[in-house]
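Take a look at the model below. Then follow the text through two of its places, one step at a time.

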Amino acid sequence: MSDLFWPGDERAGALLSQSALLDAMVAVEAAWLAALVGTSVAPAAAADDLRGLVGPDDLEAVARGAESGGNPVVPMLGLLRTRLADRNPVATTWVHRGLTSQDVLDSALMLCAVEAVA
């Protein structure tokens, strides 16, 4: 059933869920990192697809961090960098470089919207 705050959102199902948004934010960061490496702005050693670093088990922590930080990108990025440090320390200095939190959130919402409209 629809409601006043989110009319029609029930039709989007999992495409606009919290997990979908978190996955999309990671996808935006991964695409940007790939672009930096692909254009030689970042060194080849910084390449990383960021898969498996942040996922559904992190939703509560990201939501708590979003409340205090104003958006979910800040806590998601903190988790990414912490976990990436062991896997690819070079990438930690390049992930999110040149982006704003709003860039990531807006782009992630658009990725989710494209899926929902399709």
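A salt bridge is a side-chain nitrogen of Lys or Arg within 4 Å of a carboxyl oxygen of Asp or Glu. Side chains of opposite charge can pair when their charged atoms come close. Keep in mind that this is a predicted model.

How many salt bridges does the structure hold? There are five. Start with D49 and R87. They form a salt bridge, and their closest N and O atoms are 3.7 Å apart. That distance is within the 4 Å cut-off, so the pair counts. D49 lies in the loop between α1 and α2, while R87 lies in helix α3, so the pair ties together parts that are 38 residues apart in sequence.

D49 has another partner. The side chains of R51 and D49 also meet in a salt bridge, at 3.6 Å from N to O. R51 is exposed, with a relative accessible area of 63%. D49 is partly exposed, at 41% relative accessibility.

Now go back to R87.

Is D48 buried or exposed? D48 is buried, with a relative accessible area of 16%. The cut-off for buried is under 20%, so D48 falls below it. R87 is partly exposed, with a relative accessible area of 41%.

D49 bridges to R87. Salt bridges that share partners join D48, D49, R51 and R87 into one network.

Next, move to another loop. Where is N71? N71 sits in the loop between α2 (59-69) and α3 (73-87). N71 is buried, and its relative accessible area is 15%. Again the cut-off is under 20%, so N71 counts as buried.

What does the side chain of N71 reach at 2.8 Å? It reaches the backbone nitrogen of V73. The backbone nitrogen of V74 lies 3.3 Å from a polar atom of the N71 side chain.

Leaving aside neighbours within four places in sequence, N71 is in contact with G65, A66, S101 and L105.

Note on methods: Residues numbered from 1 in each chain as written. Predicted model: local features only at pLDDT ≥ 70, side-chain atom pairs only at ≥ 80, totals over all residues. Heavy atoms only, no water. Helix = DSSP H or I, 4+ residues; strand = E, 2+ residues; numbered from the N terminus. Buried < 20%, exposed > 50% of the residue type's maximum accessible area, 1.4 Å probe, protein only. Polar contact = N/O pair within 3.5 Å; in protein donor to acceptor, adjacent residues only side chain to side chain. Contact = heavy atoms within 4.5 Å.
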